[in-house]
Amino acid sequence: MPSNPSPLPVSPFARERRALLAAVIYFTRIPLPPLPPFAEDDWRRATSYWPLIGVGVGLVAAAIYALASLALPAGVAAGLALASGVVLTGAQHEDGFIDVCDGFGGATRERMLDIMRDSRIGAFGAIGLVLLVGLKWQALAALPADVAAVALIAAHAFSRGLGAMVMAALSYARTDASRARPMVSDLKGDRLVLVVGLAITPLILLPAAAILPAFAAGALAWTGCVAMFNSRLGGYTGDCLGATQQMTELAILLAVLGSVVLGAH
């Protein structure tokens, strides 16, 4: 009896192309033409391209910021740039941040996981989202337009790489089915190298004085997120990945702003 043919393409290039398309489907709301069904390996590989998705989202946000800032106040341009990112991604990372804010108010691990699965927004989530978006908005509005544009690209890419790297540090915390389950990967070896390379390369777009502070701030925020997840959950969930992306993105933007402010004095 002949064995079933493998669903994976033979060519390594074709496999990576499928993984990239899977990343676009999972991490954005960009419409694509009908595609053949993806294999489990496609979804696992897709996480490695999360920083590249960040580059794309960052480029769109940066373009909108640059164009809007030609005729509108910086605060409005910053708001439009942030809104474009939300539209492109379907706010799934912000949703993860909200769920973590609400869930980590639970007293036990099981209760936290239950709350994080609840689609309703609690007080912690609502307050956390207002503070998160407000701080990102203010940081972008306070930056010079040219620096804000490149900061959007670097922050979107690096923060998504840091979100993916949570999978290299912790184990998946859920044992039941979840939306994030297909993307769960033991990120290591060449896949981890790919994530790191795609994540840190856009940092070179930043002013020289901002590169090290942005890297350090992102790494510090990532370390805090990993420590918190490990302490409270003993691992991570899909919401934790989104929350890490949002927290590190904010840390990167604030670090860029800080370097610009210090450089001006």
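## Thr248 in helix H11

Thr248 belongs to helix H11, which spans residues 238-263, in what is a predicted model. With a relative accessibility of 0%, Thr248 counts as buried, because buried means under 20%. Leaving out residues up to four places away in sequence, the residues that Thr248 touches are Ser159, Leu162, Gly218, Ala221 and Trp222.

In soluble globular proteins, nonpolar side chains tend to be buried together. Here the largest nonpolar core holds 71 residues, among which Leu206, Tyr236 and Val256 touch the most other members. The greatest contribution to this core comes from helix H8 (residues 145-169), which supplies 14 residues.

Once neighbours within four places in sequence are set aside, Leu206 is in contact with Val150, Ala151, Ala154, Ile211, Ala214 and Val256.

## Salt bridges

Side chains of opposite charge can pair when their charged atoms come close. The count of salt bridges in this model comes to eight. One of them joins the side chains of Arg45 and Glu16, with an N to O distance of 2.4 Å; Arg45 lies in helix H2 (residues 40-46) and Glu16 in helix H1 (residues 12-27), so that this pair, 29 residues apart, links distant parts of the chain. Asp41 forms a salt bridge with Arg44, and their closest N and O atoms are 3.9 Å apart. Because Asp41 and Arg44 are three residues apart in helix H2, about one helical turn separates them, and Arg44 is partly exposed at 33% relative accessibility. A network of salt bridges links Glu16, Glu40, Asp41, Arg44, Arg45 and Arg191.

A further salt bridge is formed by Glu249 and Lys136, whose closest N and O atoms are 3.5 Å apart. Since Glu249 lies in helix H11 and Lys136 in helix H7 (residues 123-142), the pair ties together parts that are 113 residues apart in sequence. Glu249 counts as buried at 2% relative accessibility, and Lys136 likewise counts as buried at 3%.

Ala91, which is placed in the loop between helix H4 (74-89) and H5, has a positive phi of about 60 degrees although it is not a glycine. Ala91 is partly exposed, its relative accessible area being 23%.

The axes of helix H5 (residues 92-103) and helix H6 (residues 109-117) come within 8 Å and cross at roughly 145 degrees, and the crossing in which H5 passes H6 is right-handed. Asp99, Val100, Asp102 and Gly103 of H5 make the contact with Met112, Ile115 and Met116 of H6. The residues of this contact divide into four nonpolar, one polar and two charged.

Definitions and conventions:
Residues numbered from 1 in each chain as written. Predicted model: local features only at pLDDT ≥ 70, side-chain atom pairs only at ≥ 80, totals over all residues. Heavy atoms only, no water. Helix = DSSP H or I, 4+ residues; strand = E, 2+ residues; numbered from the N terminus. Buried < 20%, exposed > 50% of the residue type's maximum accessible area, 1.4 Å probe, protein only. Contact = heavy atoms within 4.5 Å. Axes fitted to C-alpha atoms, helices over the stretch in contact; angles between N-to-C directions. Left-handed = near helix turned anticlockwise from the far one by under 90°. Nonpolar A, V, L, I, M, F, W, Y, C, P; charged D, E, K, R; others polar. Core = buried A, V, L, I, M, F, W, Y, C linked by side-chain atoms within 4.5 Å. Salt bridge = Lys/Arg side-chain N within 4 Å of Asp/Glu carboxyl O.
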